[in-house]
Amino acid sequence: MIGSVALAVVAAASTAVASPLSLYRRTEPGTGTDNGFYYSFWTDGQGSVTYNNGPAGSYDVTWNNVNNFVAGKGWNPGAERVISYNGTWDAAAVNSYVSVYGWTRNPLIEYYIVEAFGSYNPSTGAQLLGTVESDGATYNIYKTQRVNQPSIEGTSTFDQFWSVRQQHRVGGTVTVKNHFDAWAKTGLQLGTHDYQILATEGYQSSGSATMEVFEG
């Protein structure tokens, strides 16, 4: 009888509400859906990256001595939506970005709405095309090109469109339409939308982040 009572106590404990951290699940590189959100996790395979999908639009990622990775959650297809997010980003002193990140096809475009960057400004060396006022801040607009680099269509040459926030933050609202409209006014034309995520990216660095994204 004592043994039965003890087993019952253990069983009750095992059905208790899980801690938030236990709801995060390690996810291998690739794309897919999780808890109603689309996710993308890409790495060039150098160094170590651990990416975990969490409840709803949450995820966490830790990286060590990587060359390059991009990971996050959002939607497929992308759209002129209002995106809100919050989280922690322990990479402000290294080469890393927090951004709304996405792709289009026909033409093949990789785009970034950069909310914060660390030791390196990703627009370094790019020509400033203009600015856009959105969500309480000024963003600088740039265009760059990647030649024979990884893309959603394999190794390709493609343009990158950038909005880079002058006043860094990690948490807030991004009105995506404002950036798409501003890019179009400077001659930057997007194609048909593929995925759109709240991304953490690291380049030749180590760091960690825990993020949550949602619409509205």
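These are my notebook entries on a predicted model, from the chain as a whole down to single residues.

**Ground rules**

I number residues from 1 along each chain as its sequence is written. The model is predicted, so local features need pLDDT of at least 70 and side-chain atom pairs count only at pLDDT 80 or more, while totals for chains, interfaces and linings use all residues, and side-chain values use heavy atoms, with hydrogens and water left out.

**Entry 1: the whole chain**

I looked up the secondary structure and found 2 helices and 15 strands. Helices (H or I, at least four residues) and strands (E, at least two) are DSSP runs, numbered from the N terminus. Next I checked burial. Buried residues make up 48% of the 216 residues. Buried means under 20% relative accessible area, exposed over 50%, and partly exposed in between (1.4 Å probe, protein chains only). The accessible surface of the chain is about 10,000 Å², and 52% of that belongs to carbon and sulfur atoms. Those areas come from the Shrake-Rupley method with a 1.4 Å probe; for residues, only the protein chains shown count as cover. Then I looked at contacts, meaning heavy atoms within 4.5 Å. Among contacts between residues at least 6 apart in sequence, 67% join residues at least 24 apart.

**Entry 2: the sheet**

In what order do the 9 strands of the open sheet run? I read β2-β3-β6-β14-β8-β9-β12-β11-β10, with mixed pairing. Two strands pair if DSSP finds at least two bridges between them. At the edges I found β2 (30-34) and β10 (128-134), each pairing on one side only. Neighbouring strands of this sheet are turned by 25° against each other on average, direction ignored. Axes here are lines fitted to C-alpha atoms, for helices over the stretch in contact, and angles run from 0 to 180 degrees between N-to-C directions.

Asp 34 stands opposite Phe 37 in β3.

**Entry 3: strand β9 and its partners**

I moved on to β9 (residues 109-117). Is β9 mostly covered or exposed? It is mostly covered: 9 of its 9 residues are buried. On one pairing, 8 bridges join β8 (residues 96-105) to β9, antiparallel. Gly 102 has Tyr 111 in β9 as its bridge partner. β8 and β9 form a hairpin with 3 residues between them. In that turn, Asn 106 has a positive phi of about 50°. On another pairing, 6 bridges join β9 to β12 (residues 156-165), and these run parallel. Val 114 stands opposite Val 164 in β12.

I also checked helix α2 (residues 176-185). It lies across β8, β9, β10, β11 (137-149), β12 and β14, and runs at about 125° to β9.

**Entry 4: aromatic rings**

Rings of Phe, Tyr and Trp (its six-membered ring) pair if their centres lie within 6.5 Å; planes under 30 degrees apart count as stacked, over 60 as edge-to-face and the rest as tilted. The count comes to 17 aromatic pairs. Why is the pair of Tyr 97 and Tyr 112 edge-to-face? Their ring centres are 6.2 Å apart and their planes stand at 80°, so the pair is edge-to-face. Tyr 97 sits in β8 and Tyr 112 in β9, 15 residues apart. Both are buried.

Tyr 97 also forms an edge-to-face pair with Trp 162, at 6.5 Å centre to centre and 80° between the planes. Trp 162 lies in β12, so this pair with Tyr 97 of β8 ties together parts 65 residues apart in sequence. I noted a relative accessible area of 7% for Tyr 97 and 4% for Trp 162. One aromatic cluster includes Tyr 97, Tyr 112 and Trp 162, along with Tyr 38 and Phe 158.

**Entry 5: cores and Ala 199**

A nonpolar core is a set of buried Ala, Val, Leu, Ile, Met, Phe, Trp, Tyr and Cys residues joined through side-chain atoms within 4.5 Å. The largest has 37 residues, and Val 61, Trp 183, Leu 198 and Met 211 touch the most other members. Apart from it lies another core of 17 residues, among them Tyr 112, Val 114, Phe 117 and Ala 199.

I finished on Ala 199, in β14 (residues 192-203). Its relative accessible area is 1%, so Ala 199 is buried. Among the residues that Ala 199 touches are Tyr 59, Val 70, Tyr 97 and Tyr 101. Ala 199 and Tyr 97 are 102 residues apart in sequence and 7.9 Å apart in space, C-alpha to C-alpha.

Notes. Lists of a residue's contacts leave out its neighbours within four places in sequence.
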